[in-house]
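Morning, everyone. I have one structure to walk through, so please bring it up on your screens.

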Amino acid sequence: MSVLESRVPSLRVRSANGAPVVARGRYVLYWMIAARRTRHSFGLERAAEWARHLGRPLVVIEALRAGYPHASDRLHAFVLDGMAENAARLEAAGAVAYPYVEPDPGQGRGLLGALARDAAVVVTDDYPTFFLPRMVEAAARAVAVRIEVVDSNGLLPLRAAPKAFPLARSFRSFLQRELPRHLGDAPLPDPLRDLPRPGAALLATDVIARWPPTALAALADPAAIVRGLPIDHAVGRVATRGGPAAASLAIGRFLRDRLARYVDLRNHPDETATSGLSPYLHFGHASAHEVFARLAAHEGWSPLRFGRVAAGAREGFWGMSAGAEAFLEQLVTWRELGLNHAAHAGDDQRYESLPPWARRTLDAHAGDRRPILYDRTQLEAAATHDPVWNAAQTELVREGRMHNYLRMLWGKKIVEWSPSPREALATMTELNDRLALDGRDPSSSSGILWCLGRYDRAWGPERPIFGTIRYMSSESATRKLRLRAYLARHGAR
Ligand SMILES: Cc1cc2nc3c(=O)[nH]c(=O)nc-3n(C[C@H](O)[C@H](O)[C@H](O)COP(=O)(O)OP(=O)(O)OC[C@H]3O[C@@H](n4cnc5c(N)ncnc54)[C@H](O)[C@@H]3O)c2cc1C
């Protein structure tokens with residue numbers, strides 16, 4: 001068999017099992033688990049390359065399990081919005097879409113293995129968090145054909161970094177040296193051209209009978225699907241629609257209406273100046289490469305504009321407008337710092353993963369009296385004495401998101417009102433990951449553990465409960481931020 005000529009950078013591709021490509025396989029199987037989109041995806045591009053190279057049709061399975069932690073109407077509906085769209089686009093491009101919604105936990109077990117039996121090669125996404133790495137490892141043990149795992153996560157390939165960076169500054173400095181050589185390697189906007197056409201009866205009938213794919217017509221009504229599933233119905237659907245088309249609209253809206261205001265107004269909840277892209281990035285409906293390419297086009301940017309800055313400087317590196325630089329600081333430095341940690345330190349969300357200085361100071365204050373304590377039920381119900389916190393929590397419960405600045409305050413107050421930092425960590429993780437559309441992400445761990453000192457430094461004066469961990473107060477937030485409309489919208493009625 002000749003060697004595959006691939007435009008997907010080799011640093012982004014690894015074999016999960018060392019098994020061979022089976023030339024007599026009937027199709028190439030792409031197992032879409034994280035980059036849930038049909039555009040700007042290295043994984044799908046690699047699978048399409050294999051399909052063309054081997055002259056085999058491309059089958060794409062996008063599955064939605066019933067039993068993953070925090071499965072709810074909210075998360076399911078968001079994913080289903082994307083599944084409907086992906087399946088339609090795949091079929092239109094000549095691939096075979098296999099959308100599968102698991103009716104009960106465990107029922108989908110065996111499906112991947114059964115589809116892989118007739119595959120020449122399986123390609124899937126490299127995502128360093130949640131249950132996905134374990135799921136891919138298990139498949140790699142069970143499947144006899146080559147499984148390739150492809151990293152479409154960020155602008156920097158996960159394996160381009162040698163280690164987990166402890167601070168944003170050192171990571172930024174590394175990015176400034178390393179990233180320019182990777183920026184030219186972007187995934188194709190449309191990787192699905194010229195696919196070999198599938199013949200009739202491509203998929204084994206026993207597989208289809210045992211694990212029936214969800215019909216396109218049924219996918220069009222996510223509300224009806226989620227109603228019948230054994231998932232958490234208490235966490236309801238929200239107004240934000242999922243899917244690549246909604247993600248694309250959100251990118252356009254951000255560039256058109258918000259980017260120019262981002263640098264000055266992003267911390268003010270009343271101003272709606274941030275992108276709202278995190279749920280789309282989390283579920284892979286949006287690609288960081290697409291966001292970057294559209295931002296660069298909007299800015300008329302080319303790599304000739306890279307600035308000369310001191311190593312690790314926060315502004316001036318890109319040579320873009322102040323708003324674009326500030327946005328890339330979040331989209332690239334902070335988002336990919338979390339990915340870097342997850343990839344190189346195993347997404348360690350334990351209290352013990354905090355830097356030693358943070359643990360020392362929190363432990364030294366573990367016995368401090370906590371004048372105000374709330375249990376998880378009170379917190380979840382937004383039933384504290386603090387109207388700003390309650391409004392932020394209410395936004396999370398009702399809308400599945402929380403304004404970024406208030407998210408930091410939200411976490412800091414949970415630290416202050418919990419019996420111990422460990423309990424605060426558990427409460428933040430539970431509420432964030434269950435209620436937020438963008439939860440269960442490397443950025444979830446970054447944000448939550450940041451509230452306890454990860455990626456931060458010691459701040460004086462030393463205080464009760466916090467020690468030298470950075471402290472935040474609702475009073476100061478109320479003084480500094482434009483919040484009135486936000487409180488009217490989400491506050492007590
Ligand atoms: C306690 C706490 C919990 C958090 N939980 C999550 C979470 O579950 N999922 C999540 O994606 N982010 C989380 N964050 C980070 C941040 O709050 C969100 O990424 C951001 O608010 C998303 O809004 P946006 O898309 O409008 O951001 P924008 O300001 O428009 O930023 C663009 C993108 O950059 C990334 N980004 C922005 N801020 C951060 C940050 N501080 N750390 C890492 N990436 C960032 C996101 O992907 C975001 O979509 C958390 C922060 C804290 C303090």
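I'll take the domains, then the ligand, then a few local features.

First, the ground rules. This is a predicted model: local features need pLDDT of at least 70, side-chain atom pairs count only at pLDDT 80 or more, and totals for chains, interfaces and linings use all residues. Residues are numbered from 1 along each chain as its sequence is written, and side-chain values use heavy atoms, with hydrogens and water left out.

Domains. The protein chain splits into domain 1 (1-152), domain 2 (244-345) and domain 3 (351-490). Those bounds come from an automatic or database domain assignment.

Now look at domain 2 against domain 3. Their centres, taken over C-alpha atoms, are 24 Å apart. In contact, meaning heavy atoms within 4.5 Å, are 18 residues of domain 2 and 21 residues of domain 3. How much area do domain 2 and domain 3 bury between them? About 1,700 Å², with 57% of it on carbon and sulfur atoms. Buried area here is the accessible area (1.4 Å probe) that two parts lose on being put together, summed over both. On the domain 2 side, Pro269, Asp270 and His282 lose the most area to domain 3, together 33% of what that side buries.

Glu271 pairs with Arg482 in a salt bridge, closest N and O atoms 2.7 Å apart. There are also 12 residue pairs in polar contact between domain 2 and domain 3, both residues at pLDDT 80 or more. A polar contact is a pair of N or O atoms within 3.5 Å; within protein, one must be able to donate a hydrogen and the other to accept it, and residues adjacent in sequence count only if both atoms are side-chain atoms.

Which elements give two or more residues to the side of domain 2 that touches domain 3? They are α10 (278-282) and α12 (322-345). Helices here are DSSP runs (H or I, at least four residues), strands likewise (E, at least two), numbered from the N terminus. α12 gives the most, with 7 residues.

On to the ligand. There are 23 residues around the ligand, and Tyr262, Ser275, Gly276, Asn404 and Ser444 come nearest. Being around it takes a heavy atom within 4 Å. An N or O atom in the side chain of Thr274 is 2.7 Å from a ligand oxygen. A polar backbone atom of Leu331 is 3.3 Å from an oxygen atom of the ligand. Arg407 has a polar side-chain atom 3.2 Å from a ligand nitrogen.

Back to salt bridges. The whole structure has 28. One of them joins Glu62 and Arg36, closest N and O atoms 2.9 Å apart. Glu62 sits in strand β3 (residues 58-64), and Arg36 in the loop between β2 (27-32) and α1 (42-54), 26 residues apart.

Last, the backbone. Most residues other than glycine have a negative phi, and most peptide bonds are trans. The Gly460 to Pro461 peptide bond is cis, omega near -5°. Pro461 is in the loop between α18 (442-450) and α19 (474-480). Asp194 has a positive phi, near 50°, in the loop between α5 (168-178) and α6 (205-210).

Definitions and conventions
Salt bridge = Lys/Arg side-chain N within 4 Å of Asp/Glu carboxyl O.
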